[in-house]
Amino acid sequence: MTSGDEGLARGAQASDPSHDAGAPIAEHRSRTHATVETVLRNRLAVAGLVILAVLVLAAIIGPWVIPYEINEIDIANRLTGPSTDHWFGTDELGRDVFSRVVVGARVSLVVGFVAVGIALILGVPIGLISGFYGGATDSTLMRFMDILFSLPAILLAIAILAVLGPGIVNAMIAIGIVYTPIFARITRGSVLTIRQSVFVRAAESLGATNNRILRTHILPNVMAPIIVQTSLSLAFAILAEAALSFLGLGVQPPEPAWGRMLAEGRSFFEQAPWMAIFPGLAIVLTVMAFNFVGDGLRDALDPQQRSVIESRGVG
Amino acid sequence: MTEPILSVRDLTVSFGTRLGRARVVNGLSYDVEPGETLAIVGESGSGKSVSSLALLQLLPTPPARVEGEARFHGDDLLAMEDDEIRSVRGNRIAMIFQDPMTSLNPVRTVGYQLIEPLKMHMGLDAASARNRAIDLLDLVGIPSAAERVDDYPHQFSGGMRQRVMIAMGIACNPDLLIADEATTALDVTTQAQILDEIGRLQSELGLSVIWITHDLGVVAGIADRVVVLYGGAIMEEAAVDPLYEERRHPYTRALLASLPVPGADRPNRLRAIPGLPPDPTRMPPGCPFAPRCAHAQESCSQQAPELREAGEAHLVACHFDPEELYA
């Protein structure tokens, strides 16, 4: 390489805004690293991450650290307010609300993650296939998604549970199905853009199979909006689980779930508001935490998404 | 004379549009001899890119409809099944695209993208594919290739990326390389380096090249033979020297007249060709260039001229001889 050429390369590098001016070329700043850094600079996102860390911890070690057994009935101390013995008070059977809220995190998180996982597993491939192949395949799949999308989420989940029967597993399946169209649509939209990129055409011209192009070239490039949507959907899924449990379609008693505790607390709201307030607060905090993290991720991932992907036609 | 490695006959490409069928390539025929560089020259919309994409079945059908024949070592590329054409792409015919900034996947390392075709076509295992990838980067003139192989495309400059694209193109030792405006997006210095590089690889590897461009300066430097395309049809085809000297077709003449002349005594005004290329949904019935041709006669807009022999291996699609026109 001639020295002139080297100067050229360096010049191009320096004018590239993604590089810190004066940074040596060899310095690695991977995209993941940059994303993490941007998220950590966002205070709300950090707050969200802290809340989530506490929740995950509660879900994992909760059953071993809580002061009372979750189903320990103590009629003598029923409906007592928050105190040093019972931080969040007791319910109508004298069970410790704090212990039940802590263990309830388990249900909420598991249902949230599994339901969104189902939505991802169904929605992302549908979106990939739809966007990539287009035509009749696209129309058929997307019209089906539109039908699902047009029904109110909770109503659809209730309808699915009416068919499958109530229960926590069925609730996860129902919520997963309800959120599938969102992922299908987001994925398809991004695929339509990436599909036009020169590098996809270049991969095709090098003899790559469709399957390979989808897996190695398109999927990694559409991940950013999917990741953002995942964290926002987790919040919705947890809310949906709470709603279904509130209606008695999700977690069955005596398992503690925030939605159920809210429903039970409703009847005693005037005598013992803590029965409803604390599980309610837990739901609010969790949903907010996921939203904060989701917003932080969007700020970190989306501007890049816009500048990196340019689609060009052929001359 | 040896057998041509690619012989295209009556290639016609049309697209279904709301305004009717757009005929973008109209009965294109040409041969590529082993080891030669054929330049396909034309302005935007002349069908030069589309015709080469059609060869590798890279156009979405529909809306595109491709007719004709393209024999590559005797096998018709256009009649191949998906599996067959896929084993030709990248393996025996490779293609380089115009824009090096977007031709590489931003989320994969350069090495990963280089290794892909090697694994696909040559069945190499990960370690030997990686070694070959490093050799290839070295071959196309990327310094410290062994370190750069794990870098991402954004860590390369435009010229470097185009070198990477070339490395991907020649990875599987193809017989034919189609370079679609491969140096258009680069500055002249880098362009000259890339041209040198391809020339060197060509003599080392015995590669045939189809060079698609609108840059007549590049053509003069590298091509053996030139096909001048307009409105999806050949206007003139000849070896590079006779073409530039004789300029038989009025379109070739107008194109060359629109170029600046280096070293001219006084600054000469560039002569642009008036008008726009024809709308492919409403092709003129006669010669496609007639509406813009300074020498057009009445017969030009009524009957399309046949491509005829006008000298040794010199084909022209014009009703008139240059002696009649440019007297």
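**Exercise 1. Burial and overall form of chain B**

What percentage of the 327 residues in chain B is buried?

*Solution.* Start with the criterion: a residue is buried if 20 or more other C-beta atoms, placed from the backbone, lie within 10 Å of its own, exposed if 12 or fewer, and partly exposed in between. By this count, buried residues make up 47% of the 327 residues in chain B. Keep in mind that this is a predicted model, in which local features need pLDDT of at least 70, side-chain atom pairs count only at pLDDT 80 or more, and totals for chains, interfaces and linings use all residues. Residues are numbered from 1 along each chain as its sequence is written, and chains are lettered from A and ligands numbered from 1 in the order in which they are written.

Next, take the dimensions. The C-alpha trace of chain B spans about 65 × 50 × 45 Å along its principal axes.

**Exercise 2. Two helices in chain B**

At what angle do the axes of H3(B) and H6(B) cross?

*Solution.* First, locate the helices, which are DSSP runs of H or I with at least four residues, numbered from the N terminus: H3 covers residues 110-122 of chain B and H6 covers residues 158-170. Their axes come within 8 Å and cross at roughly 20°. That makes H3(B) roughly parallel to H6(B) (angles under 35 degrees count as roughly parallel, over 145 as roughly antiparallel, 65 to 115 as roughly perpendicular and the rest as oblique).

Then list the partners. Val110(B), Gln113(B), Leu114(B) and Pro117(B) of H3(B) meet Val164(B), Ala167(B) and Met168(B) of H6(B), where contact requires C-beta atoms, placed from the backbone, within 7 Å. Six of these residues are nonpolar, one is polar and none is charged (Ala, Val, Leu, Ile, Met, Phe, Trp, Tyr, Cys and Pro count as nonpolar, Asp, Glu, Lys and Arg as charged, and the others, Gly among them, as polar).

**Exercise 3. Asp299 of chain A**

Is Asp299(A) buried, exposed or partly exposed?

*Solution.* Begin with its place: Asp299(A) is found in helix H11 (residues 274-308) of chain A. Now count: Asp299(A) has 16 other C-beta atoms within 10 Å, so it is partly exposed. Finally, look beyond its neighbours within four places in sequence: Asp299(A) is in contact with Thr38(A) and Asn42(A). Thr38(A) is 261 residues away along the chain, yet the two C-alpha atoms are separated by 7.9 Å.

Conventions
Axes are lines fitted to C-alpha atoms, for helices over the stretch in contact, and angles run from 0 to 180 degrees between N-to-C directions. Two residues are in contact if their C-beta atoms, placed from the backbone, lie within 7 Å.
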